[in-house]
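Hello,

I am passing a structure on to you. Please open it first, then read my notes below.

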Amino acid sequence: MSQRDPFGVFADQDRYNMKYLIYTLTIIILLAINVGFFSTINLMPNLLLIFLIFHSLDKENNDFFFIALASGLLLDFYSATFTGTFMLSFLIVGLILHLLATNVIVLEINWKIMAVLSAATLALTDVLVWFFSWSAFKLGWAKYLIDISMLRHRFLVDLVCNLLLLYPMYLLAGFIKSVVENFQLRQRNKI
Amino acid sequence: MRFIYTKTFAIFSLCLVIISIFVVLQVKGWIGPIKNAVLQSPRPVVYVVKHVTLPVKNFFTTLYQLRKITKENVALSSKVIKLQQDLVGYEQEKKENEALRNELGFARSNEMSLISCSVLAQNSFEISDAVVLNCGTEHGVIEGQAVISQGHLIGKVIYANRNTSTVLLVTSSRFSTDARLSKISTDAVVRGSFGSGLILDQLSQNIPVEKGWLVVTAGINEKIPKNIIIGEVGDVVSTPNDLFKKTTLLSPIDFNNLEFVFVVK
């Protein structure tokens, strides 16, 4: 038991808060790199979506829910869409991937499956984003509608960029996961 | 075990509740402070990354386009000389205009009142062709106002919160505004096109149009003042059999890297 928390009541809470803080910082940095670096060189991958994909395919925990909500919220604000458009899209996409990974895909996930999943995820995300934006517009909540022709127009370029960044993001996702696990292990050992 | 009885479903339901709360906040217009705070958080990192990336990008772009830059330099030098000659004539006309106004007692037309704003969220993902500014209703921003950058129209305000506002860019396919060819004072309409350009539309077929002519706002919309430069006429994209003549419109603004803009009051 730590001196700060002799009864161990807040021990779990501290571990969870730190984990979410690490994820939040990672998401902010990924968004900043997406906006600051890739948009400057006129490429438009979606690093947050790729980060979500890797965490959704992790069968051991449900951290992808937090990543979907936080990434979606940031993207909603950053792309000036109606709040909830990206949050809902990422949540549904993350859940579908997680259910696929835990119930359907029996074999170890390899890079071929990853490439197909990335393409399918990007297509589904675009459709969901357009659908939620259209719904918000029809309900009178949003002032404008996302043009699906633009999403179609950019799909191939975005897909190629995402596929090229799969491996670096896989390394990053693995690194963040190991940081979180090491931190949780150290906290458990302290208590 | 059924999915609805699992921990995953419970967390999914909780997430849906959280999203609903955010949607309600957005609909009620109370999301401004959260949006402002969230948009400020990545700014330091974006600033650092951009200031490292831009010089490197400019270096390689310059090398790659050296020949084109040299040709542009020569063309711009001759254009500057011609403009300087024109300026001398305009200065004379301006003095005469002032003297005549004073003689006839005409009131001076007001110069534009501007609100300076920073772009919090740029059009980085090219999804909505809209940007978010750090000015809102408490700074005097209202919906429908024009937004300019480097003297050119870049969009109009479509949504104004207390601390932030959303601007629809001129390149959006949902944007349109009245316009005028400054050379011959003919009215037309400017529309955005697929996030990649501008189209000058509804010109009569028998009106002569030349490349390079300036297109400005016509001032028909009361919230968008007249004589704000939109761009220069490019290539004609319609055929003689079409009802109206259409041309492309070239704007020197980089809509993906806007940093500081002005809202016209």
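**Contact between the chains**

The axes of helix 4 (residues 85-104) of chain A and helix 1 (residues 7-28) of chain B come within 10 Å and cross at roughly 170°. An angle over 145 degrees counts as roughly antiparallel, so helix 4 of chain A is roughly antiparallel to helix 1 of chain B. Please keep in mind that this is a predicted model.

Which residues meet there? From helix 4 of chain A come Met87(A), Leu88(A), Leu91(A), Leu95(A) and His98(A). From helix 1 of chain B come Thr8(B), Phe12(B), Cys15(B), Leu16(B), Ile19(B) and Phe22(B). By class, this contact has nine nonpolar and two polar residues. Charged residues are absent from it.

**Aromatic pairs**

Over all chains, the structure holds 14 aromatic pairs. Two of them are described here.

Take Phe86(A) and Phe90(A). Their ring centres are 5.8 Å apart, with the planes at 85°. Planes over 60 degrees apart count as edge-to-face, so this pair is edge-to-face. Both residues lie in helix 4 of chain A. They are four residues apart, about one turn of the helix. Are they buried or exposed? Phe86(A) has 2% relative accessibility and counts as buried. Phe90(A), at 0%, counts as buried too.

Next, Trp130(A) and Trp134(A). Their rings are 6.1 Å centre to centre, with 25° between the planes. Planes under 30 degrees apart count as stacked, so this pair is stacked. The two residues belong to helix 5 (residues 111-138) of chain A. Being four residues apart, they are separated by about one helical turn. Trp130(A) is partly exposed, at 25% relative accessibility. Trp134(A) is partly exposed as well, with a relative accessible area of 32%.

There is also a cluster to look at. Phe54(A), Trp111(A), Tyr167(A) and Tyr170(A) form one aromatic cluster.

**Confidence in chain B**

The mean pLDDT of chain B is 85. Of its residues, 94% reach 70 or more. Where among the elements of chain B is the mean pLDDT lowest, and where highest? The lowest is in helix 3 (residues 43-64) of chain B, with a mean of 82. The highest is in strand 3 (residues 146-149) of chain B, with a mean of 92.

Best regards

Methods
Residues are numbered from 1 along each chain as its sequence is written. Chains are lettered from A and ligands numbered from 1 in the order in which they are written. This is a predicted model: local features need pLDDT of at least 70, side-chain atom pairs count only at pLDDT 80 or more; totals for chains, interfaces and linings use all residues. Side-chain values use heavy atoms; hydrogens and water are left out. pLDDT is the predictor's confidence in each residue, from 0 to 100. Axes are lines fitted to C-alpha atoms, for helices over the stretch in contact, and angles run from 0 to 180 degrees between N-to-C directions. Angles under 35 degrees count as roughly parallel, over 145 as roughly antiparallel, 65 to 115 as roughly perpendicular and the rest as oblique. Contact means heavy atoms within 4.5 Å. Ala, Val, Leu, Ile, Met, Phe, Trp, Tyr, Cys and Pro count as nonpolar, Asp, Glu, Lys and Arg as charged, and the others, Gly among them, as polar. Rings of Phe, Tyr and Trp (its six-membered ring) pair if their centres lie within 6.5 Å; planes under 30 degrees apart count as stacked, over 60 as edge-to-face and the rest as tilted. Buried means under 20% relative accessible area, exposed over 50%, partly exposed in between (1.4 Å probe, protein chains only).
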